[in-house]
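Dear colleague,

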2 protein chains.
Amino acid sequence: MSKNAIILLSGGLDSITVLALAQQQGFDCYALSFDYGQRHNAELKAASEIAKTYQVKEHKIVKLGLGSIGGSALTDENIQVPDHLEEGIPVTYVPARNTIFLAFALGWAEVLKIKDIFIGVNAVDYSGYPDCRPEFIKAFQQLADLATKAGAEGEYFTIHTPLISLSKAEIIKLGTQLGVDYTATVSCYSADNLGRACRVCDACRLRMLGFSDAGVADPTYYQR
Amino acid sequence: MSKNAIILLSGGLDSITVLALAQQQGFDCYALSFDYGQRHNAELKAASEIAKTYQVKEHKIVKLGLGSIGGSALTDENIQVPDHLEEGIPVTYVPARNTIFLAFALGWAEVLKIKDIFIGVNAVDYSGYPDCRPEFIKAFQQLADLATKAGAEGEYFTIHTPLISLSKAEIIKLGTQLGVDYTATVSCYSADNLGRACRVCDACRLRMLGFSDAGVADPTYYQR
């Protein structure tokens with residue numbers, strides 16, 4: 001019998017790797033993306049392309065009024081995306097983003113009667129966001145069982161985080177082994193409408209370093 | 001020094017009582033409501049009226065694509081709101097709704113640097129929704145501290161649930177002592193555009209019984 005899973009698909013390097021891995025593990029995948037007023041809207045186009053390439057069973061893009069809350073360089077036009085790595089938690093942190101994303105995944109999982117949710121969080125080469133840490137994921141899994149009708153009836157959820165302890169280079173090597181073509185992915189926080197990356201934001205720097213450390217040619221389409 | 005709090009304000013009987021109580025406890029209140037494709041949109045009009053009456057510091061209505069997930073009589077037109085109390089968790093249950101609502105409240109709280117969030121969940125005279133139980137709230141509070149920049153920096157959140165162990169009649173008595181006028185509130189799952197209640201859904205039945213048990217005249221505006 002086939003197993004179903006929900007994959008949080010941002011359109012970036014990590015989530016395409018997670019999708020490829022989940023399919024290799026035998027899961028039929030439902031992809032979930034969010035249109036949350038992010039500046040880097042090219043991500044969503046990438047997510048749609050990836051969903052098609054991997055022939056997911058359904059790709060849902062949910063609209064979220066995250067921009068109305070503000071407080072992050074990714075959703076608030078008055079806060080600039082920095083061109084250098086910062087100390088501590090950077091201004092690109094979107095308050096409670098992964099909590100909100102996982103909560104929606106949980107809701108959709110309940111409707112579809114799915115118990116497996118995959119998210120490409122990473123706590124090694126990451127930007128220090130608190131909601132990427134293993135202790136956060138563990139707490140969310142506990143919450144999921146208490147929050148839902150399924151959990152109340154004794155059917156438990158698993159939040160899969162296969163990338164959480166891998167370096168960016170290890171993720172790229174893993175994806176390459178799985179045949180992932182990273183050309184279509186967009187990681188940049190300031191990507192232009194064509195999906196071209198800026199080279200200087202946090203996300204670009206971590207990604208470039210990852211390809212370099214992995215010894216894999218960087219297929220990213222840069223603005224300059 | 002004044003304290004700030006975020007109040008989840010649905011426009012129903014419980015959340016207006018919570019708002020009145022939080023103000024009495026000295027909190028300056030920010031009200032948060034959701035436009036999630038609920039059938040009973042009259043709720044949102046009620047929430048706006050209540051926010052004005054109580055002169056909250058800000059009332060934010062966030063649009064959520066919950067309808068696109070479906071799976072509940074409250075958001076899916078193909079599922080009928082039942083006219084009788086059901087055994088178990090009823091079809092009016094919206095998958096992961098309170099998880100999603102609290103996640104947004106948490107995000108807004110981080111932006112405003114607020115640590116206190118009030119929600120009018122109730123685990124006595126309720127519809128058996130899993131995400132109204134004390135164990136769910138406790139798990140969310142743990143998650144909140146792990147999910148956020150504030151929590152990571154040692155500033156902890158409190159999820160206040162002052163109504164959780166009160167009966168509907170006790171809530172109405174409390175609100176009446178606080179001077180709450182329940183005329184403006186809408187609880188009905190099938191309210192019409194004028195906010196008039198149906199008398200027969202779960203929410204109407206619990207509300208009518210509450211006024212009756214409390215010995216308080218029911219000010220609800222009914223369709224018939």
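In chain A, strand β2 (residues 27–35) runs parallel to β3(A) and is joined to it by 6 bridges, with A31(A) standing opposite H59(A) of β3(A). Strands (E, at least two residues) and helices (H or I, at least four) are DSSP runs numbered from the N terminus, and two strands count as paired if DSSP finds at least two bridges between them. This is a predicted model, in which local features need pLDDT of at least 70 and side-chain atom pairs count only at pLDDT 80 or more, while totals for chains, interfaces and linings use all residues. Residues are numbered from 1 along each chain as its sequence is written, and chains are lettered from A and ligands numbered from 1 in the order in which they are written.

The two strands belong to an open, parallel-paired sheet of 5 strands in the order β3-β2-β1-β4-β5 (chain A); its edges are β3 (58–63) and β5 (158–160) of chain A, each of which pairs on one side only.

Helix α2 (residues 42–53) of chain A packs on this sheet, touching β2 and β3 of chain A, and its direction makes about 165° with that of β2(A). Contact here requires C-beta atoms, placed from the backbone, within 7 Å, and angles run from 0 to 180 degrees between N-to-C directions of lines fitted to C-alpha atoms, for helices over the stretch in contact. Helix α3 (residues 97–112) of chain A lies across β1 (3–8), β2, β3 and β4 (116–118) of chain A, at about 155° to β1(A).

Best regards

Conventions:
Contact = placed C-beta atoms within 7 Å.
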